[in-house]
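Please consider the following model with its chains in view.

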Amino acid sequence: MATETAESKSFGSNGNQMMFSLFDTIIRSPLNRFMEQAVDEGKIPIGYTCSYIPRMILSAKNLVPFRVFAPGVSSTEMADTYLPSTICSYTKSILDFAINGRYDFLKGWVLTSSCQHMSRFFDNLKHTVNPPFIKIIDLPNRVSESAIRWMMAEMNELRTDIQTHFQITVSDEDLNEAINRHNDSVQLLSAIGELRKNKTPVISGTEFHKLMMAALVAPEAFLFKPLSDIKDALSKRELKEDYRARVILVGGQLDDPAYINIIEQSGALVVSDRICTGSIPGLDPIPHGTDPIERISAHTLTKTSCPRMMDNFQARLAAIISAYETFQADGIIIEAIKFCDTWGLEARELTDSLREKGIPVLKLEREYRITGEGQLKTRIQAFIESMGK
Amino acid sequence: MSKNFYAGCDVGSTTGKAVIMNDKKILAMAIVESEIDPELTARNALLKAMAQVRELNRLEDMTYLVGTGYGRTEVPFAHKNVSEISCHALGAYFIDKKIRTIVDIGGQDIKGISLHDNGTVKEFVMNDKCAAGTGKFFEAMGRTFKVDLTEFSKLAGKAKKSISVTSQCSVFAESEVISLIAKKNPPENIALGIHESVAKRCYTLLKRVGLNQRITITGGCAKNKTLVKTLKQILKMDIAELSVDPQIIGALGAAVFAKQNGK
Amino acid sequence: MDIRKNIRNKTSYIFTVTKIYLSVALILLKRGPFLLIDLWRYPWLFNFLKLYKLYKIMNFRKGHFKDGSVCTLNGIAILITNYIYDMLKNPDKLVLAEDIIPPEIIRAMGLTPFSPEILAIVLTIITPDAMEKYIDICENSGIPGDLCSLPKCAMGMALGNVLPKPKAIVASNLPCDAGMMSYVTIEKHMDVPIIRLDVPYNFRSDRAITYFSEELARMIHFLEEHTDGKMDWQELKNILKERNKTQETELELWDLAKTKPTPVASEMIYLSHLVTFNIFPGDKRSTEIFRKLIEFGKKNLEEGKGAIENETYRILLWNPPFAHFPMAFSWAETKHQAVLIMDSMTFNTIDYVDTATNESMIKGLADIIMQGPMSRHVRGPSENYFNDIFYIHNHFKIDMIWVADNIGCKMSAGLNEILREKCRERNIPVLVISYDLMDQRFTSSEDIKTCIDNFMETIMTGNLETGLFDTDAKHMISTER
């Protein structure tokens with residue numbers, strides 16, 4: 001993975017390179033050392049693919065959630081056998097890794113019907129790998145009271161299935177504990193993310209994304225200390241300001257900080273991100289309440305914002321515009337993995353709507369794996385120039 | 001004494017191939033560059049092959065002629081036309097009765113074919129809406145390096161390691177390769193990466209029809225030694241080399257059909 | 001002899017076509033001088049008026065099968081003309097309903113439904129290039145080209161301003177993500193109130209029926225709020241009772257198709273279903289079409305005849321039929337003695353609707369919508385897909401499966417390989433035909449023919465006729481993207 005050298009240009013020379021090296025290691029391969037340690041301790045790692053899958057349930061008791069990604073994927077010939085060229089490359093990459101045994105450390109999978117690519121991932125994973133525990137969450141395409149009730153039924157079913165299969169009891173108390181841990185973790189990340197609002201931010205988008213990704217693929221418990229250390233270190237960090245523009249990155253699945261690094265190397269500092277593995281709106285804590293299943297269901301359904309939610313285009317647009325203002329951004333970069341139906345159309349509508357409001361937008365189509373770096377840099381540079389920066 | 005002559009003519013997108021047989025053996029074979037008019041391609045290939053057979057002077061002297069390949073319907077002097085799928089299967093099986101899986105890499109498509117024990121086609125997939133991994137793809141890639149196909153294969157053969165080229169689409173692959181060259185990557189390593197990407201595409205097609213020993217590769221690109229070697233590595237299986245030019249297998253299959261039909 | 005036959009065929013063609021044009025004209029001319037304005041505003045009407053092209057199918061047919069085919073085409077022509085006429089006549093009652101939203105409720109509320117997707121399909125069946133212009137408008141506006149061309153047509157027609165402005169839009173998350181997302185664009189462009197119905201992924205449960213019944217209640221409420229429509233439960237009961245009758249009649253038709261050789265086939269099965277159940281369900285005219293078709297089938301049966309002479313292969317077509325190549329089946333009958341028995345768009349009939357109470361009607365409708373064309377197979381886990389395929393294969397004595405692999409349909413393409421492996425286990429030949437549902441520029445009818453020819457030659461008949469090999473094994477073949 002190119003992230004070893006991915007210290008952003010802005011901060012490269014101030015002696016802080018070592019700060020993120022732990023996080024670089026964590027996200028270099030699926031089975032990172034913390035996950036390995038957890039497995040050795042008898043924990044149960046469960047793979048999941050989408051922000052609509054509540055990781056709090058998957059971290060209750062001795063469960064450990066793992067957000068499935070395919071770092072360093074080069075080609076996907078095994079997955080190509082099963083999936084046509086019109087299926088998104090994230091789907092293909094993780095199926096390929098799965099068939100090649102790269103996720104064999106996982107004891108189970110929880111997927112969701114979030115999009116048709118993911119639905120077919122479920123079918124093909126079951127057909128090829130047939131994991132001992134595999135569950136697909138039936139996710140409504142709307143956010144409403146009845147949808148939350150539906151989601152609660154799904155969550156209860158998930159809890160029952162987990163209990164039966166792994167022979168464990170997941171009590172309400174266990175779930176409340178998991179929620180608290182989750183809240184602590186996101187609040188810590190959120191506090192770091194807040195620093196990006198500064199006129200002279202102390203952390204680049206690339207660096208922040210490394211933290212986000214690590215938090216999604218390594219057990220929470222191991223990361224509190226390193227994340228707190230980073231937070232403290234950042235307050236003493238000095239900055240060299242040589243970026244030309246501040247941008248917000250918007251799009252779907254993006255789990256490789258190297259992509260953000262290319263954007264930043266071209267002069268556009270990514271100050272906020274509305275991507276599946278990003279800070280908007282993933283870092284909101286779960287509110288207090290009594291029934292943990294209800295809290296989890298309502299939070300997951302209302303706080304995650306994907307184009308698949310039919311009624312919420314205006315809300316998504318508003319969230320982006322609000323971030324544009326709070327983070328004092330100059331422009332917005334929208335990235336969508338090729339063949340993604342939901343983001344493909346959303347990107348077009350967002351672009352139009354944002355431009356109507358006078359906000360500069362660059363729309364990019366990409367592969368899951370980084371390709372065409374040269375072209376990408378040219379486009380970013382031209383975008384910065386077009387903003388008069 | 002038998003004076004029967006059977007011919008198969010494979011009118012492909014980049015070359016035309018002809019094979020002439022009598023009741024006992026293969027008498028002649030020829031490969032010519034394709035013309036715009038498939039009929040002319042077929043005529044050229046047949047005439048070139050006929051020139052090697054003393055008794056044959058006119059196309060009409062042919063006892064039975066079978067056309068195959070992309071331009072097969074445009075060969076008016078053929079008695080019958082048969083799809084290249086059947087012909088490649090039959091041609092390969094005619095040479096080696098143990099062949100069960102074939103990958104044919106032609107100028108504009110790749111096919112994976114699996115055979116029953118008796119040589120009939122069992123399953124078949126074709127990659128026909130995209131140039132990725134075809135002869136045309138190799139040509140385009142070779143052009144990027146300013147070398148011809150043979151040189152391109154040799155170049156890749158020299159590589160110590162490969163740099164992966166992942167774009168499935170030949171248009172994108174070309175720009176990916178250009179940026180890799182611009183980054184001063186050793187050309188031979190990129191060339192090997194390109195060969196690997198084609199081999200992986202073949203692998204996918206072969207998997208779809210079911211991989212059974214013995215496997216062989218036909219079509220013009222079968223002559224590309226680096227490709228065959230790379231495919232062997234990816235398949236982790238041996239690839240049987242046929243005793244005749246792999247490029248004429250389709251035409252040979254057609255000639256065998258002609259022999260069966262003309263008797 | 002041949003000349004006489006030729007003249008007879010031509011005369012019968014001209015006679016049939018003239019008759020149908022008169023009927024169509026009688027309906028459309030009710031618009032009076034407004035028809036001219038309609039033609040100017042909705043240029044696709046000209047494509048519709050090329051109906052005669054579709055009737056060429058009859059030239060391939062003989063006997064009662066020919067009569068049945070003409071009967072299907074006539075039924076369709078009249079129903080669609082009425083559908084378009086209603087749309088033109090009732091701008092104040094117009095509700096744009098995505099193709100999967102059945103019109104029963106909308107009609108029971110005294111409103112007029114119309115679906116751009118259904119228009120697009122019908123127009124493409126009549127003139128293969130009808131939608132190219134709108135697909136281009138759509139793609140040129142920045143909408144990704146890899147989406148299914150059906151929602152691209154709907155968006156293109158909306159962006160091209162050739163659709164009437166409705167009072168409200170009813171959309172949903174069916175049948176696929178592209179279909180769902182297309183209504184973001186359509187809503188924005190048309191700027192009318194919209195409601196989107198949410199169908200669960202696992203739709204085969206009581207929980208799903210309850211959830212979706214609530215969605216339908218929400219839709220009724222929305223339409224009452226935003227249009228002049230008012231729910232008339234008695235009218236809904238009448239519609240659903242008739243719908244049950246239509247369904248009963250259709251099942252009788254399917255029973256005939258189980259016979260070998262089949263006395264009914266092709267358009268009699270798939271086009272009749274497409275138009276009746278999607279455009280005019282619960283309408284006496286729909287039931288009547290099936291009744292007539294059954295008569296023709298029974299005549300064949302009594303005479304011991306199949307729809308085609310020498311029926312050799314029975315086809316199950318999976319995924320939507322090639323809209324831009326409706327002649328595919330009549331061609332396959334003549335060229336390969338292969339006859340279309342059943343297809344996935346038709347095979348979605350479920351239990352009759354219980355019309356006892358308002359609640360039971362809504363529940364019944366909820367079940368029907370959730371299992372509507374496409375959604376029944378492409379939504380939910382793949383069992384929905386495979387169970388139906390192998391049931392049909394067995395029930396209708398199918399010889400081969402043709403997968404109409406619409407390039408934009410990622411949901412079904414993602415199952416092609418599993419299907420191939422499952423068919424390999426069962427020794428069922430399967431042909432995957434790569435094409436674009438609405439756009440012949442991707443795969444032309446000639447390309448489709450070549451693909452089928454290759455399959456038939458190599459796998460179904462091929463090696464046998466050369467006499468080289470002594471096997472009668474059935475095999476598989478497909479072309480890939």
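Two residues are in contact if their C-beta atoms, placed from the backbone, lie within 7 Å. The model is predicted, and in it the contact between chain C and chain A takes 34 residues from chain C and 35 residues from chain A. On the side of chain C that touches chain A, the elements giving two or more residues are α9 (177–190), α10 (206–226), α18 (410–413) and α19 (416–426) of chain C. The greatest contribution to this side comes from α9(C), with seven residues. Sorted by class, the side of chain C that touches chain A holds 17 nonpolar, seven polar and 10 charged residues.

Chain A itself has an average pLDDT of 91, and 95% of its residues score at least 70. Residues 1–15 of chain A, however, have a pLDDT below 50, although this stretch has 39 contacts in the model beyond near neighbours in sequence. Where pLDDT is low, the predicted coordinates should not be read in detail.

Within chain A, helix α8 (residues 205–217) comprises 13 residues. From its first C-alpha to its last, α8(A) reaches 18 Å, close to the 18 Å expected at 1.5 Å a residue. Because 13 of the 13 residues of α8(A) are buried, this helix is largely enclosed by the rest of the structure.

Chain B is assigned domain 1 (6–86 + 248–262) and domain 2 (98–241). The C-alpha centres of these domains of chain B lie 26 Å apart. Their contact takes seven residues from domain 1 of chain B and 10 residues from domain 2 of chain B. The side of domain 1 of chain B that touches domain 2 of chain B has two nonpolar, five polar and no charged residues.

Note on methods: Residues numbered from 1 in each chain as written. Chains lettered and ligands numbered in written order. Predicted model: local features only at pLDDT ≥ 70, side-chain atom pairs only at ≥ 80, totals over all residues. pLDDT = per-residue confidence, 0-100. Domains from an automatic or database assignment. Nonpolar A, V, L, I, M, F, W, Y, C, P; charged D, E, K, R; others polar. Helix = DSSP H or I, 4+ residues; strand = E, 2+ residues; numbered from the N terminus. Expected span 1.5 Å × (residues − 1). Buried ≥ 20, exposed ≤ 12 C-beta atoms within 10 Å, placed from the backbone.
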